[in-house]
Amino acid sequence: MTHKNNNIILGLDTSCYTTSIAAITLDKEVILNEKIILKVKKDCKGLRQSEAVFQHVNNMGEISQIISEKLKDYNVVGICASSKPRPVDNSYMPVFSVGYNFGKLLSSINNCNFYETSHQENHIEASLFNNKLENDKRFIAVHMSGGTTEILLVEKQELIYDIKIIGGSLDVSFGQLIDRLGVNLNYNFPCGKYIDDNALKCNEKIEKGLKTSVKDGYMNLSGIENQINKIINDYNEEYISKILMDTLVRCMYKSLVYLCKKHDINEVLFGGGVSASKYINKELSNKLKKEKLKAYFTEGQYATDNSVGCAIIGLNKMNNF
């Protein structure tokens, strides 16, 4: 006989660099949050989709073992997986098909309902999990990850997220800039933690920052990479890392001050792997606070790619059917 407190919802997400699975109880207690980081060869700046798909498929064996060993005393009553990057038509990326199809298979095996969501909604829900906004029905969210730097106007009506892109990068992402600098400094990919640690260690004041291009909430960031490449040999690793991170903070600050005023919003929720940066958290929060804007950063385990948001979305959908 299965007891209610043993019932769980599984979440699955197979993003560009992470295979993840999560499980929550019907009371939204997280009992599992596992991630397998995809392998990137030394000196490479990323993975092709075909390579990522291959690794995700191989990782499903380990995911199956995790389910068998760690969730053997639980009853799976629902499964939710990311099926695409964003909740819009024509949003597609091959990597998400692995978690989506594995989730459908698991739902058939467990004779339970299957739900689908998007990677972006997963990030937003995971970020909301340990942040209490004054108005969680209308806010600005910043999705900063390896391939995405988007500023979003989020309006929620019951279970439906209405998400509009209102700002962000028009070319390369924050994550790409950080990883490219890291690879040039001979760090292992992904390079975020190394660049972040360097920036935090640097006590030198930046005398002359890099030029930025920000207009109406949108940023052109490729020029930053060109500027960094010209001076990379003139400074030590800590200082060059701080220069980059300081520049990214200034770009995001300018964009958010403009957009918060335009949309009459004073709360900003941050999610995605780059938002786990302690340097960005500290510096950007302080800058926004002076403008009377509240910044909500997410715990690292929920900021980086994970499936907790998927599981929560699955539970919410199950409760409303």
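Biologist: Which residues line the second largest pocket?
Modeller: They're Lys28, Glu125, Leu128, Phe129, Asn131, Lys132, Leu133, Asp136, Lys137, Lys156, Ile312 and Asn316. A pocket is an open set of 1 Å grid points over the protein atoms alone where a 1.4 Å probe fits, with protein on both sides within 12 Å along at least five of seven lines, and lining residues have an atom within 4 Å of a point.
Biologist: Which elements give two or more residues to that lining?
Modeller: Those are α3 and α10 (308-319), and α3 gives the most, with three residues.
Biologist: How do its residues divide by class?
Modeller: Six are charged, four nonpolar and two polar, with Gly counted as polar and Tyr as nonpolar.
Biologist: What's the model, by the way?
Modeller: It's predicted, so to speak: local features need pLDDT of at least 70 and side-chain atom pairs pLDDT 80 or more, while totals for chains, interfaces and linings use all residues. Numbering runs from 1 along each chain as its sequence is written, and side-chain values use heavy atoms, leaving out hydrogens and water.
Biologist: Okay, what volume does the largest pocket have?
Modeller: About 1100 Å³. Of its 40 lining residues, Tyr17, Ser145, Gly146, Asp179 and Gly273 are the closest to its centre. Elements giving two or more residues to this lining are β3 (30-37), α3 (119-129), α4 (174-184) and α5 (192-201).
Biologist: Which one gives the largest share?
Modeller: α4, with five residues. By class, the lining of the largest pocket has 18 polar, 13 nonpolar and nine charged residues.
Biologist: And how much space lies in the second largest pocket?
Modeller: About 230 Å³.

Note on methods:
Grid points are joined across faces, edges and corners, and a volume is the space filled by probe spheres set on the points. Helices (H or I, at least four residues) and strands (E, at least two) are DSSP runs, numbered from the N terminus.
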